[in-house]
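Okay, thanks everyone, let me put this one up on the screen. I'll go through it chain by chain, and please keep the picture in view while I talk.

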Amino acid sequence: MSVVQAMDLGLTFPAGDGDVVALKDVNLTIGKGEFVSFIGPSGCGKTTFLRAIADLEKPTSGTLSVNGQTPEEARRARAYGYVFQAAALYPWRTIEKNVALPLEIMGYGQAQQHERVRATLELVNLTGFEKKYPWQLSGGMQQRASIARALSFDADLLLMDEPFGALDEIVRDHLNSELLKLWDRTGKTICFVTHSIPEAVYLSTRIVVMSPRPGRVTDVIESTLPRERPLDIRETPEFLEIAARVRDGLRAGHSYEEEHV
Amino acid sequence: MTRILPVLTILLALLLFWYAMAVHMNAPWQNTLNNRAGLENVPFMDFAQQAWAQDKPVLPAPHQVVSEIWNATIALDITSRRSLAYHGWITLSATLLGFAFGTMLGIVLAVAIIHNDASDRSLMPWIIASQTIPILAVAPMVVVGLGAVGLTGLVPKALISMYLSFFPVVVGMVKGLRSPEAIQLDLLRTYDASPVQVFWKLRWPAAMPFLFASMKVGIAISLIGAVVAELSNASGGGLGVRLLTGSYNGQTIQIWAALFIAAGLAAVLVAIVGGAEKWVNGRMGARA
């Protein structure tokens with residue numbers, strides 16, 4: 001069963017000096033348990049597509065379904081957890097209270113809240129930091145807390161918008177392998193927006209290459225890498241081959257000379 | 001010590017300047033008095049001491065004001081009509097009631113404004129216009145008008161305080177309740193949170209720093225409102241009445257004493273709001 005299905009999807013932002021076509025004719029089906037990365041230069045519509053799945057933007061043409069429902073129905077059914085570029089933790093809440101925020105809103109009981117917060121903090125290796133405030137944590141730990149917050153209500157779909165974009169490479173490597181383990185353990189479907197080729201290749205079962213003006217899908221690459229991926233898989237010929245294909249796809253879809261016109 | 005020393009230095013400089021100005025401003029009248037008494041060639045230090053000890057000086061010396069404050073508070077029965085503690089309490093109670101009204105009104109208006117575009121556009125111009133009218137012109141109309149329908153005493157004065165103090169609270173809270181970033185509002189949307197939940201989980205806590213900043217301004221001008229309102233009703237008592245009778249009778253020392261009590265009161269009230277702010281900040285996990 002498909003989790004996300006887009007058919008001839010288009011999304012145009014009206015603007016004073018001509019409309020901006022953020023997405024044009026996007027056709028894509030994402031199956032259950034897949035880890036799909038969206039990669040492309042800025043302005044290619046990768047974040048817009050993720051926000052459309054989350055019902056944070058309204059498509060202007062075509063159809064989009066999430067779990068067989070409209071995006072709005074899926075959002076109301078709390079079908080997904082969303083991780084933003086910034087951790088966006090509430091500074092006045094402790095880590096455990098931040099993770100409990102969706103649970104409070106969705107009306108979980110105290111005991112259940114407590115149990116789920118404990119379990120998800122353990123999942124992202126933040127046990128022991130329950131009573132800390134966000135400012136007492138490093139950027140990487142804050143982003144882990146925000147992932148825990150997205151996981152706490154156990155939605156089957158996880159939407160991640162460049163969650164590690166603001167972090168340094170060492171932390172990023174670490175969180176990438178943590179994320180893979182988490183995906184393996186939970187069996188969730190993950191849509192992951194990035195502009196890093198190694199990150200996309202390392203994490204994904206499928207890589208969607210996008211290009212701007214108008215935002216569209218130019219290539220979809222099935223990964224041949226095994227499910228089990230140690231960090232040093234990134235030096236294997238197979239990995240480099242996929243990375244090269246992604247790079248070619250990006251180059252084909254995007255003529256840099258255009259930028260100066 | 002390194003923090004106290006600069007403060008004491010400035011305080012000392014101000015006192016010296018005040019004493020010097022007291023000599024300078026009281027000199028003409030002191031010269032007249034000395035001429036009448038046939039005193040000539042008074043040495044400067046003796047002349048200064050005379051200038052600092054007049055009954056109705058143009059500018060009273062600091063120690064005269066301090067002793068007047070002492071005599072009119074500690075040394076006097078609290079129920080006396082001449083007690084500044086008694087008058088201070090009258091002003092304080094009107095200030096606090098008006099501040100409570102004003103803060104509540106400000107918050108209610110701000111909530112209406114951020115949730116409803118029509119109320120934003122229809123209320124905000126009136127709110128701003130209300131503050132362009134001189135309070136000295138409004139206060140007598142309100143106090144006398146309400147007196148005519150039998151409402152006297154605390155409430156009319158509190159209404160003037162409210163009239164002044166709701167304004168910074170509205171402006172601050174509109175900004176504060178709108179302060180959450182788009183990403184934080186999007187987050188709650190992904191949880192399908194209701195508007196009430198968005199308000200209490202996000203907007204209200206995010207607005208706290210703005211509320212306290214507004215309340216600090218609000219409580220100080222509440223006091224001003226109460227004092228101004230008292231000018232319109234001399235029988236009701238209060239620091240404003242002490243200022244008024246002092247100026248009728250040329251009792252400059254009494255005026256300055258009442259002024260200092262009012263300023264001290266304002267400082268204490270602002271400090272109390274500041275203390276409450278610290279307490280709330282601590283509860284909300286702010287960096288110490």
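Axes are lines fitted to C-alpha atoms, for helices over the stretch in contact, and angles run from 0 to 180 degrees between N-to-C directions. Helices (H or I, at least four residues) and strands (E, at least two) are DSSP runs, numbered from the N terminus.

Quick housekeeping. This is a predicted model, where local features need pLDDT of at least 70 and side-chain atom pairs count only at pLDDT 80 or more, while totals for chains, interfaces and linings use all residues. Residues are numbered from 1 along each chain as its sequence is written, chains are lettered from A and ligands numbered from 1 in the order in which they are written, and side-chain values use heavy atoms, with hydrogens and water left out.

So, chain A. Its secondary structure comes to eight helices and nine strands. The radius of gyration of chain A, taken over C-alpha atoms, is 19 Å, close to the 18 Å that the globule rule gives for 261 residues, so chain A is as compact as a globular protein of that length. That rule is 2.2 Å times the number of residues to the power 0.38. Along the principal axes, the C-alpha trace of chain A spans about 55 × 45 × 40 Å.

Two strands pair if DSSP finds at least two bridges between them. At one end, strand 5 of chain A runs parallel to strand 6 (residues 157-161) of chain A, and four bridges join them. If you want a place to look, Tyr82(A) stands opposite Leu159(A) in strand 6 of chain A.

Next, the other sheet in chain A that I picked out. This one is open, has three strands in the order 2-1-4, and pairs antiparallel. Its edges are strand 2 (20-31) and strand 4 (61-66) of chain A, each with a single partner strand, so each has one side without a neighbour in the sheet. Strand 1 (residues 2-13) and strand 2 of chain A pair over eight bridges in the antiparallel sense, and Gln5(A) has Thr29(A) of strand 2 as its bridge partner.

Where does helix 1 of chain A lie? Helix 1, residues 46-53, lies across strand 1, strand 2 and strand 4 of chain A, at about 120° to strand 1.

Two backbone details in the loops of chain A. The peptide bond from Arg213(A) to Pro214(A) is cis, with omega near -10°, and Pro214(A) lies in the loop between strand 8 and strand 9 of chain A. Asn67(A) has phi near 55°, a positive value in a residue other than glycine; look for Asn67(A) in the loop between strand 4 and helix 2 (71-76) of chain A.

On to chain B, with eleven helices and zero strands. The radius of gyration of chain B is 25 Å, well over the 19 Å that the globule rule gives for 288 residues, so chain B is more spread out than a compact globule. Its C-alpha atoms fill a box of roughly 90 × 55 × 35 Å along the principal axes.

One helix pair to finish. Helix 9 (residues 195-231) and helix 11 (residues 252-283) of chain B pack at about 165°, with axes 9 Å apart. That makes helix 9 of chain B roughly antiparallel to helix 11 of chain B, a word used for angles over 145 degrees. The contact includes Phe212(B) and Ile219(B) of helix 9 of chain B, and Leu265(B) and Val273(B) of helix 11 of chain B.

Methods
Parallel < 35°, antiparallel > 145°, perpendicular 65-115°, else oblique. Contact = heavy atoms within 4.5 Å.
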